[in-house]
Amino acid sequence: MAPMDYAYPTDYLRDRERAAVAASAPDALMKRAAAAIVDGCRELLALHDRAPQGPVAALVGGGDNGGDALYALAGLAEQGVDTLAIVCTPHPHERALRAAAAAGVSQVVPDLASHPRKSSVEVARVCSTCEVIIDGLVGTGGDGPLRQPLASLVATIAKALRVDQRSASLSGRRRSPQHATESRRRRPLVLAVDLPSGIGTDNARVAGEHLVADLTLTMGALKPQVCAPPAVYSCGRVDTCDIGLDLDPSQAALVRVRAEDVGAAWPVPGPTDHKYTRGVASILAGSSAYPFTGVLCVQAAQRAGCGMVRYNGPDEAALAVLTRCPEAVSTPGRFQAALVGPGLSGDDSARLRDAAEVVRRCRAAHLPLVMDAGALSEWATMCESMPEGRPGPLTILTPHAGEAAALLTRLGCGQRSGGVTRADVDEEPLAWAGRLAEATGCVVLLKGQASIVAARGIVPHVVREAPGWAGTAGSGDVLAGIVVAAVAGAQARSEERGRELRVEDVARAGAHAAWVHAHAAALAAGTARGIESVGHPIVATDIADHVPYAIAAALSTDSKRYNG
């Protein structure tokens, strides 16, 4: 895996940057970053099909990011672009400021110290007329919310941009489509240098007011803030500028999953493969109340490449599954991974006992297990006969934020009397996914528009491919089906090689399954060409239907793969 796919802790990157600066000519790294910002501005305009009609402005802070922005303005000015430096610090980078002035960059120095409110309004007014705003206020040197007066400045600019966007939308509804398009284009695009100022630290929390970026150009390497939720939702598209840092992958804090990673690892059957070498999954899902839940799980597992799916459900649910999925088998027998929980009701004691028996059987046989939905809400029943009340390390849990909060509370992980809330998990999902993995001893796939896979001793993985349209009823059932297919395949390959499946194998399979689910949703919703695409509504069945095409997209990235 290329170093660019790893996100590194901020302190580690600062140390590596200092070493690189010491070994380079003055401002060499800064000028390399500036060249990337110039290219990023042009790419951003092209991506949104816009020609520069207003100036490109930079909000300039006192750190290296401010210097990057000033050198970038100088480069743009030399190419004939109208540029403006809004110097928001009494201590800008002197050499970069001189270079910008020499290139003809206009400068504005707001009096934020003496007249913060008036100056903030004036700067916001200027920003509203710009084509692109380069956010170079604070980068990785920031820790927590912006301090005054920058906090008020950014809040005022952000409010002005939101008002402009809302006004354009209202205007567009009253007038012609052409005018609506022109109106929407008045909103300045935002390019963040390193990360949007005010985003926060390595926990990926959103610390306070900040400009939501259309493009974040992160320097040297990825940071957790531009990969993990919720901060990643404010970063737009994320690109990395290689400025020549010497990085050690063993120091990574996070791994961002790409199509190339999935394509290199997803199994492609050869001429001697059969259903047992491809993986057999047992799915206990659905109930009399939710018979079609099993359909979604089975369809997804089949389309993800499972050699065979055994369905375990009540008669009416089995009829629904076999009618829609005639390839499924409803008789018990050998399997290599199991899924329990989707559509499972706490009122159905017989089904709960069946599910608990599957959990016990998987732990005893050291087989991978996926626990979702009802299996999580009925955790005590599922695990009451397990050692230490846990289902085993090869288990992968697939909660959304609300289910994770409820299980964390049940396990006593909350520090308040009310336990852990969904808002807590949404605010800091990276940390809470790790806590849940520690508390259960399982792999945790915390699902969302950006999903996190965490496990003890494993660098967390993050998948950011899913469009907002993926948040629809049954989408989680489709994900669970893909996950059980992926871990069944991993178990089958381990059996062929004569070794036991490892926790890292389960975590990797879960992360790759999350990517397939997310990309299938993007294909179904029409957003696969980029997160800038608006897309359209979908249902969970659409996601399941596009699973094979998502896998094909991943496999196509690896020219070394072949069938047979």
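Predicted model: local features only at pLDDT ≥ 70, side-chain atom pairs only at ≥ 80, totals over all residues.
**Backbone exceptions and nonpolar cores**

Asp-49 sits in the loop between α2 (28-47) and β2 (56-60), and, although Asp-49 is not a glycine, its phi is positive, at about 55°.

Ala-204 is found in the loop between β6 (189-193) and β7, but here the residue is buried, with a relative accessible area of 0%.

Turning to the peptide bonds, there is a cis bond joining Gln-148 and Pro-149, with omega about 5°, and Pro-149 lies in the loop between β5 (132-136) and α6 (150-174). A cis peptide bond also joins Pro-229 and Pro-230, where omega is about 0°, and Pro-230 belongs to the loop between β7 (215-219) and β8 (237-241).

The largest nonpolar core has 68 residues, and the members that touch the most others are Ile-283, Ile-482 and Val-516. Helix α19, residues 503-525, supplies the largest share of this core, with 13 residues. If you look at Val-516 and leave aside residues up to four places away in sequence, you will find that Val-516 touches Val-262, Trp-266, Ile-482, Val-547, Ala-550 and Ile-551. There is also a second, separate core, of 54 residues, and among its members are Cys-383, Met-386, Leu-408 and Cys-442.

Notes:
Residues numbered from 1 in each chain as written. Heavy atoms only, no water. Core = buried A, V, L, I, M, F, W, Y, C linked by side-chain atoms within 4.5 Å. Buried < 20%, exposed > 50% of the residue type's maximum accessible area, 1.4 Å probe, protein only. Helix = DSSP H or I, 4+ residues; strand = E, 2+ residues; numbered from the N terminus. Contact = heavy atoms within 4.5 Å.
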